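Visitor: I am new to this structure and should be grateful for a guided reading of it.

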Amino acid sequence: MNEYDSELVKSILFNAGYRFADNEEKADIILLNTCSVRDSATRKVFGQIYEFRHELGRRPIIGILGCMATDAKQSLFKNKKLGIDLICGPDSYRRLPEIIQQAQNEIKIADIELSKNENYDGISPIRGSFSGNPSALPQDDFSHPRKVNAWVAITRGCNNFCTFCIVPYARGRERSRSVASILQEIKKLVRDGYPQVTLLGQNVNSYKDGKTDFPLLLDKISQIKGLKRIRFMSPHPKDLSLRLIDLIAERPNICKHVHLPLQSGSSRILKLMNRCYTKNDYLALVDRLRAKCPQVALTTDVIVGFPTEKEKDFKDTLSVIKKVRFDSAFIFKYSPRNGTVAARKFTDDVRPEEKTKRIVFLNELQRQIALEENQKLIGSIQEVLIEERYENGWRGRCDNNKIVSIPDGKYHVGEFIKVEITHASVNGLSGISLASAKPSSD
Ligand code: SF4
């Protein structure tokens, strides 16, 4: 979501006449789009600003965007060593040119007002990691020469209030974009040459515009001619309906990969987290998904050391990991986020050494499972969308989101090729190209 927001900000600033520097040494204004979901992300931002302030040898305007803007406004301005000039929250980016101007006039300014309806409709993001000056490119080619995936935010904010999570406070309540504007944007992306879109939302599958819910929206998107791959993230297990599962199974251009955040395998902890499902609900959902779509790859997020998590709760998480056999998992140690229910009501009572022990154990188990799951694909033929060139060849992604390396050859970014998988590691696959091939959705 932050990557997408940075693309929106680039577009707003470009249209206001700003141009992009190649690197921070050349920049007059440095904006950091921040995440405060975890404590480590916040600390990283502080370190980065300190470096800019003290190692650049001059004084650029420094601004904070994103979740930290809302979450840590007071401490950011108070910290004189950082010397922050402006703070702009995730719903205030349209005002950014004005805010920058005030900061240039040495007025410290913070706009962190959250909105009930801001969804940045009508702003076309400047896509890709392109950092040069887009004015040098033809208008239509702004979006980056490397057209593979375009992020498309369909909702912003969240109403779920999981007790550990800062998002509803930092990004406000959930709002959905209109069906018409989403379809229009995706049709344009296809015309511009993007083979893949990834639909984004904090709780992407609770999308609602009038009578159109997420399965209906996905149904319409999957019928857009020429759109080869559709991904979405992150769905909440409680909103993964049978209609959605059927659609994933049916449509060749909806990728067979679901990132389904588990958070904990203990029903008691899930209740404290306000996740609205139990361990058995989650396992039943996985069974339903696999019954309809046996080839689906599943990935997840897990938090270890949530307040009151006992050895028994942790064993429940282990048992779900062993049973589901996720293709990969992002595993984090719990850290209290100011303002959340968990930080207010629960004591962070799992000792740091215990959290470390649990995360190490879980990571090791998950790595073993990921390796074994990847090894099962050796000998299979996968359709790979080429994403980038690297020193030893090319890298791309299968429909199931696994990364595949291919030795050097004549390909181009955005091309689909058939690959026979010959090797597997914990983090991905490698193989040899059979021949350039059109994707099966054609
Ligand atoms: S669903 Fe829960 S974890 Fe996800 S953004 Fe919303 S509150 Fe946070």
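Visitor: How do the residues of the shell around the ligand divide into nonpolar, polar and charged?

Guide: This is a predicted model, in which local features need pLDDT of at least 70 and side-chain atom pairs count only at pLDDT 80 or more, while totals for chains, interfaces and linings use all residues. Residues are numbered from 1 along each chain as its sequence is written. Cys 158, Phe 161 and His 236 are among the residues that surround the ligand, a residue being near a molecule if its C-beta atom, placed from the backbone, lies within 6 Å of it. Ala, Val, Leu, Ile, Met, Phe, Trp, Tyr, Cys and Pro count as nonpolar, Asp, Glu, Lys and Arg as charged, and the others, Gly among them, as polar, and the shell has six nonpolar, four polar and no charged residues.

Visitor: Over which residues does pLDDT stay under 50?

Guide: pLDDT is the predictor's confidence in each residue, from 0 to 100. The protein chain averages a pLDDT of 90, and 94% of the residues score at least 70. Where pLDDT is low, the predicted coordinates should not be read in detail. The stretch under 50 is residues 130–145.

Visitor: What is the radius of gyration of the protein chain?

Guide: The protein chain contains 14 helices and 19 strands, which are DSSP runs (helices H or I, at least four residues; strands E, at least two) numbered from the N terminus. For 442 residues the globule rule (2.2 Å times the number of residues to the power 0.38) gives 22 Å, so the chain is as compact as a globular protein of that length. Taken over C-alpha atoms, the radius of gyration is 22 Å.

Visitor: What does the C-alpha trace span along its principal axes?

Guide: For the protein chain, the C-alpha trace spans about 60 × 55 × 50 Å.

Conventions: Contact = placed C-beta atoms within 7 Å.
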